[in-house]
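Hi,

Here is the structure I promised to pass on. Please have a look at it first, and then read on for what turned up in it.

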Protein chains: 2
Amino acid sequence: MRSDRILLAHGSGGTMMRELIDEVFVEEFAEDALKRLDDAASLEFSGDRLAFSTDTYVVNPIFFPGGDIGRLAVCGTVNDVATSGATPLYLSVGFVLEEGFLVEDLRTILHSMRDAAREAGVHIVTGDTKVVGKGHADGIFINTAGVGALPAGRDLSGSYCRPGDKVLLSGTLGDHGIAIVSIREGLEFSTDIQTDAAPLNALVAAVIEAAPDTRCFRDPTRGGMASTLNELAAASGVSITVDETLVPVDPQVRGASEMLGYDVFQVANEGKMIAIVPAEQADAALAAMKAAPYGDNAAIVGEVAESPSGKVYVRTAFGATRVMDMLVGEQLPRIC
Amino acid sequence: MRSDRILLAHGSGGTMMRELIDEVFVEEFAEDALKRLDDAASLEFSGDRLAFSTDTYVVNPIFFPGGDIGRLAVCGTVNDVATSGATPLYLSVGFVLEEGFLVEDLRTILHSMRDAAREAGVHIVTGDTKVVGKGHADGIFINTAGVGALPAGRDLSGSYCRPGDKVLLSGTLGDHGIAIVSIREGLEFSTDIQTDAAPLNALVAAVIEAAPDTRCFRDPTRGGMASTLNELAAASGVSITVDETLVPVDPQVRGASEMLGYDVFQVANEGKMIAIVPAEQADAALAAMKAAPYGDNAAIVGEVAESPSGKVYVRTAFGATRVMDMLVGEQLPRIC
């Protein structure tokens, strides 16, 4: 660790967070399931297989265009469980509330959670609430953990990408991150950019049905598509190249990103899925994605090559190629 | 809700927390599993049965005699899963870290978590870390969620207590709460009271083996034994009477409780289990508890009667009987 104190960048989804995970969490816990660094752990359970994942949501502000912290907390964990190829079934929810938080706001958030859970077809089955004194938290933090059922023989992993595979993206990039930052920067009146927060378990199931040899799914949240693809390239020992002209980006999101100096590949999404699929099944996977909820703008955006191992590139509109870097410091604290 | 804002007492484990759960969470989520108000949800899973529970830990201070927030976060959720009669298997862990938190302290906490997980025989398999700016959290908050396997046919519930049943307690009352408050009040040099935080899954398994008709288990954490027994009496529509002279309490804990004006029945425990057992199996259950880890001081402390429904009493050393009330306001914020 380069720092003896926790910095905001340790929660960014970028390289410093990776350092914290590798050098502190994985080292101290020494658990095989953690070392795989997948979004959900795949586990043996009474002869069946279970997927298990957790996320804590500290997004600021808690209400934003198109959603709130409650919708995020359900969709995010549903999506993490779904990335393993499992069917999400149950969620737990743990609240930390700051003294003085409005009960009415809590009700609104719980409504959003219930609606998102119904949409995803999951059940919120157990919970916990802690209250801390004023000034010791910031309104509300929500943890959700999710359990899903993994069909026998289903085995997806970020380490399974192979040269020739195609990279699929389920829709436009950057909506969530830019929706949040537009509020923080006071830009919300000049745009109508909304969060993309959505449950993608039906989309994942449709892609697996159409492309049974799909290597893996990832939802590019903190650190964006850049972090996700760099993790996959490193885990599989392959190179990935994305064609910038093929990546769907809403024009308003593109404009706001440029104005604010963000690389849209590094901006967080909360309702997008990346799938790595063998070339011969890519068209079927794309058709399934486009037909699924939240998949209208899906596209094949890149491909996997053998080398240089662990590197990710962008082929720009002008035909040049640049490295797609992981976020190093902190771009947008508390984006989710 | 009597208040339109969240108060510290809404996290106390007492009547105001019950109001928040009943009138806000259960109402908004409208989920059957939540309505049972058990510490862990018992769920169907691929033809087997699964127990699922979660808790967030916000204890202050994070290091205290006999343990730390890490040990608490593992033991607390292991025990909640165990109360359902399940074998705890897997934990998720979600951290909220305040900017500036010492990495060395984080390592110490992770060590404690690993040691407690090994002792309990559970695996920490998935995790998440969020960092918030200085002043937006208080050092570290930890959520754990736990999954356990429920043997076929095992069905424990706080609603199954019957007249004539015995109340077993696995050891001395109040150690955790008084250990924490002794630090806060600067009393730690005059006592050597330590937290009782411990994994009790082996103890629970031993009791079920010896007393297969055990009605339910509960770990009396926030709100103490008083909240636990009141919840059981209400859920089962029975009365419970505890004999004060039979309840094991460490003399230092008793002294500190009296000095600080606490009712030891309302003080939090983190390594104690209450079991409700049919009278004819109570001696076998007690013997199993005493032989199990952390059960040395176990005792039969009370019994269940038919009426008045929902009421809990203490028979005092002087032969008088008083109501054992649930905590109403907040006694010890951030005790766990």
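Phi of Y294(B) is near 70 degrees, a positive value in a residue other than glycine. Y294(B) is partly exposed, at a relative accessible area of 35%; on this scale buried means under 20%, exposed over 50% and partly exposed in between (1.4 Å probe, protein chains only).

Before going further, some conventions. This is a predicted model, in which local features need pLDDT of at least 70 and side-chain atom pairs count only at pLDDT 80 or more, while totals for chains, interfaces and linings use all residues. Residues are numbered from 1 along each chain as its sequence is written, chains are lettered from A and ligands numbered from 1 in the order in which they are written, and side-chain values use heavy atoms, with hydrogens and water left out.

Back to the backbone of chain B. R334(B) also has a positive phi, near 55 degrees, in a residue other than glycine. R334(B) belongs to the segment after β14 (321-323) and is buried, with 9% relative accessibility. You will also find cis peptide bonds. One joins N60(B) and P61(B), with omega about 5 degrees, and P61(B) is in the loop between β2 and β3 (63-64). Another runs from S307(B) to P308(B), with omega near 0 degrees; P308(B) is in the loop between β12 (299-305) and β13 (312-315).

In general, two copies of a chain are related by a rotation about an axis and a shift along it. Here a rotation of 180 degrees with 0.0 Å of shift along its axis superposes chain B on chain A, with an RMSD of 0.0 Å (least squares on the C-alpha atoms of residues with pLDDT of at least 70 in both copies). The two copies are thus related as by a two-fold rotation axis. In chain B, the C-alpha nearest that axis belongs to A137(B), 2.1 Å away from it.

At the interface, 83 residues of chain B are in contact with 84 residues of chain A, contact meaning heavy atoms within 4.5 Å. Of the interface residues of chain B, 100% are also interface residues in chain A, so the copies meet through the same surface. About 7000 Å² is buried between the chains, and carbon and sulfur atoms give 65% of that; buried area is the accessible area (1.4 Å probe) that two parts lose on being put together, summed over both. On the chain B side, I6(B), E28(B) and F29(B) lose the most area to chain A, together 10% of what that side buries.

E28(B) and F29(B) come up again from the other chain: R114(A) is in contact with both, leaving aside its neighbours within four places in sequence. R114(A) is in helix α4 (residues 103-120) of chain A and is buried, at 18% relative accessible area.

Salt bridges were worth a look too (a side-chain nitrogen of Lys or Arg within 4 Å of a carboxyl oxygen of Asp or Glu). Which residue of chain A does D128(B) bridge to? The partner is R222(A), with the closest N and O atoms 2.7 Å apart. D128(B) also forms a salt bridge with K130(B), at 2.9 Å. Both of these chain B residues are buried, D128(B) at 6% and K130(B) at 3%.

Within chain B, K272(B) pairs with D175(B), the closest N and O atoms being 3.7 Å apart. K272(B) lies in the loop between α8 (251-260) and β11 (274-277) and D175(B) in helix α5 (residues 175-184), so the pair ties together parts that are 97 residues apart in sequence. K272(B) is buried at 6%, and D175(B) is buried at 10%. Shared partners also join D55(A), R222(A), D128(B) and K130(B) into one salt-bridge network.

Best wishes

Key:
Helices (H or I, at least four residues) and strands (E, at least two) are DSSP runs, numbered from the N terminus.
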